[in-house]
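Please keep the sequence and the model open while reading.

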Amino acid sequence: MRFNGCFSKYGRIEIQFDRQVDKIAVRSPSGECENIYPFEYQPIRLDYNSEGIEYASADGECRLLARFTPRELGKYCFKAYFDGDLVESADLTVIGQMGHGYVEVSKRDKRYFEWSDGTPFFWMGINLCFPTAYEMSSGREFGLSG
């Protein structure tokens, strides 16, 4: 079991396995238990043609990974299992906080959003829900508008 990433609250931790694992039990500093499950991760390379069409191709070996985002500070215990048998265990300590956490419905007013730490979340930006056209480098249009 190898850990990569940030060991901070709300930072993503990536766990890589060299052996077969089908479940990881995680115990938080407060004693809460949670199961996470590994997945096969295939790195890819993205290439684009002159029209902006994307093509994906394998770029490296497939790996068995699991990802976890800690929500508390302190010591976490990870136990990896295969067919019900414990195959590996490891501890790590989360010592800092990365960002504000997740965007959630506000606990004070359900009409608004806030971050996990209670900081107000203000949504601002361009609405890309329904893009209809994209300009190509030639100046022509590529998209749904014909």
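The model is predicted.

**Salt bridge E14–R67**
- E14 and R67 form a salt bridge through their side chains, at 2.9 Å from N to O.
- The two residues are 53 apart in the chain, with E14 in strand β3 (residues 13-17) and R67 in strand β9 (residues 63-68).
- E14 is buried because its relative accessibility is 16%, under the 20% limit.
- R67, at 31% relative accessibility, is partly exposed.

**Salt bridge R19–E88**
- R19 pairs with E88 in a salt bridge whose closest N and O atoms are 3.9 Å apart.
- E88 belongs to strand β11 (residues 85-94) and R19 to the loop between β3 and β4 (23-27), so the contact ties together parts 69 residues apart in sequence.
- E88 counts as buried at 18% relative accessibility, whereas R19 is partly exposed at 44%.

- K75 and D91 meet through their side chains in a salt bridge of 3.4 Å, N to O.
- K75 is in strand β10 (residues 74-82) and D91 in strand β11, so this pair ties together parts 16 residues apart in sequence.
- D91 has a relative accessible area of 44% and is partly exposed.

**Nonpolar surface patch**
- A nonpolar patch on the surface consists of I44, L46 and Y48, which together have about 310 Å² of accessible area.
- Y48 lies in strand β7 (residues 44-48).
- Y48 is exposed because its relative accessible area is 51%, over the 50% limit.

Definitions and conventions
Residues are numbered from 1 along each chain as its sequence is written. This is a predicted model: local features need pLDDT of at least 70, side-chain atom pairs count only at pLDDT 80 or more; totals for chains, interfaces and linings use all residues. Side-chain values use heavy atoms; hydrogens and water are left out. Patches are made of residues with over 30% relative accessible area and no salt bridge: like charges are joined within 9 Å, nonpolar side chains (Val, Leu, Ile, Met, Phe, Trp, Tyr) within 5 Å. Accessible areas come from the Shrake-Rupley method with a 1.4 Å probe; for residues, only the protein chains shown count as cover. A salt bridge is a side-chain nitrogen of Lys or Arg within 4 Å of a carboxyl oxygen of Asp or Glu. Helices (H or I, at least four residues) and strands (E, at least two) are DSSP runs, numbered from the N terminus. Buried means under 20% relative accessible area, exposed over 50%, partly exposed in between (1.4 Å probe, protein chains only).
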